[in-house]
Amino acid sequence: MIRETIGLILIFVGTAFDFLGVLGLVRLPDVYNRLQAATKCVTFGSAGILCGVFILQGFNTFGFKALLGIAFIFMASPVAAHVIARAAHRSKIALAPGTKTDQYAEDKELR
Amino acid sequence: MKLVRWILGLIILMAFFIANFFVYDGAIYAKLINVYLFSCLFVLYRVLAGPSAADRLVAVDIFGILIIGMLSIIGLAYQNDFFMDIGLIWALLSFVASLAFAKILEGRSLDD
């Protein structure tokens with residue numbers, strides 16, 4: 001009983017995080033802002049949902065596949081976000097109009 | 001004009017959530033799957049209307065991570081675990097595809 005309650009709460013929190021991340025993907029003004037909002041929120045939300053599925057199902061094949069999914073998401077998603085941000089900055093996609101500073105453009109060693 | 005767009009979006013979101021959680025009479029997993037399908041509509045809007053190529057790339061990369069959560073909830077609803085296989089393979093292919101497209105967007109070839 002307590003296990004089902006904790007699992008359903010984790011699944012609800014994960015769904016809320018996923019929806020807010022996608023809302024940020026639509027709402028924010030820039031490539032980099034969209035990338036930050038969407039990647040962080042959607043990664044945490046999907047990991048929360050998979051953790052809830054593992055708590056609901058226990059140690060059978062479904063639960064172990066959920067654990068494997070958590071490990072894969074935590075390894076793959078930051079790498080993809082970093083590569084996309086670097087490619088977008090190197091292909092000179094413009095920043096948002098209200099940007100104050102851009103440290104990556106000023107650094108000569110990284111370019 | 002901006003205020004009109006903001007109020008229109010708020011009305012759409014409130015109408016969807018009230019209709020999903022209070023009017024629609026279904027199982028709890030069906031309601032969560034409806035939230036996911038609504039999120040997928042937003043992602044497809046960003047894919048279709050992104051101003052640059054990087055926006056579309058971000059949206060496709062996010063879609064691959066979104067689909068693994070949705071397929072795990074579908075697997076809970078049907079009490080079957082092969083949906084998780086589909087989700088893992090989809091996320092893996094989306095990861096490799098976003099790496100390759102980012103490298104093309106950067107202006108280098110694939111064996112560089």
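Two residues are in contact if their C-beta atoms, placed from the backbone, lie within 7 Å. By that criterion A38(A) touches G21(A), V22(A), G24(A) and L25(A), and also V58(B) and I62(B), leaving aside residues up to four places away in sequence. The model is predicted, and the predictor gives the complex an ipTM of 0.87 and a pTM of 0.87. Chain A has four helices and zero strands, and chain B likewise comes to four helices and zero strands.

**Chain A**

- Along the sequence, chain A reads α-α-α-α. Its radius of gyration is 18 Å, well over the 13 Å that the globule rule gives for 111 residues, so chain A is more spread out than a compact globule.
- Taken along the principal axes, the C-alpha atoms of chain A fill a box of roughly 55 × 25 × 15 Å.
- Of the 111 residues in chain A, 41% are buried.
- When contacts in chain A between residues at least 6 apart in sequence are considered, 61% join residues at least 24 apart.

**Chain B**

- Chain B follows the pattern α-α-α-α when read along the sequence.
- The radius of gyration of chain B is 18 Å, whereas a compact globule of 112 residues would have one near 13 Å.
- The C-alpha trace of chain B spans about 55 × 50 × 10 Å along its principal axes.
- Buried residues account for 31% of the 112 residues of chain B.
- For contacts in chain B between residues at least 6 apart in sequence, the share joining residues at least 24 apart is 44%.

**Contact between the chains**

- The contact takes 39 residues from chain A and 35 residues from chain B.
- On the side of chain A that touches chain B, α1 (2-27), α2 (31-57) and α3 (61-90) each supply at least two residues. The largest share of that side, 16 residues, comes from α3(A).
- By residue class, the side of chain A that touches chain B divides into 26 nonpolar, nine polar and four charged residues.

**Nonpolar core**

- The largest nonpolar core has 53 residues. Those with the most contacts inside this core are L25(A), A38(A) and I84(A) from chain A, with V43(B), V58(B) and I62(B) from chain B.
- At least two residues of this core come from each of α1, α2 and α3 of chain A, and from each of α2 (28-49), α3 (53-78) and α4 (82-106) of chain B.

**Backbone exceptions**

- Most residues other than glycine have a negative phi.
- K92(A) has a positive phi of about 60 degrees although it is not a glycine. K92(A) is found in the loop between α3 and α4 of chain A, and counts as exposed because it has 7 C-beta neighbours inside 10 Å, the cut-off for exposed being 12 or fewer.
- Q79(B), also a residue other than glycine, has a positive phi near 55 degrees. Q79(B) sits in the loop between α3 and α4 of chain B, and with 8 C-beta neighbours inside 10 Å it counts as exposed.

**Confidence**

- Chain A averages a pLDDT of 88, and 96% of its residues score at least 70. Chain B also averages 88, with 96% of the residues at 70 or above.
- Within chain A, confidence is highest in α1(A), at 91, and lowest in helix α4 (residues 103-106), at a mean of 78.

Technical notes
Residues are numbered from 1 along each chain as its sequence is written. Chains are lettered from A and ligands numbered from 1 in the order in which they are written. This is a predicted model: local features need pLDDT of at least 70, side-chain atom pairs count only at pLDDT 80 or more; totals for chains, interfaces and linings use all residues. The radius of gyration is taken over C-alpha atoms; the globule rule is 2.2 Å times the number of residues to the power 0.38. A residue is buried if 20 or more other C-beta atoms lie within 10 Å of its own, exposed if 12 or fewer, and partly exposed in between; C-beta atoms are placed from the backbone. Ala, Val, Leu, Ile, Met, Phe, Trp, Tyr, Cys and Pro count as nonpolar, Asp, Glu, Lys and Arg as charged, and the others, Gly among them, as polar. A nonpolar core is a set of buried Ala, Val, Leu, Ile, Met, Phe, Trp, Tyr and Cys residues joined through C-beta atoms within 7 Å. pLDDT is the predictor's confidence in each residue, from 0 to 100.
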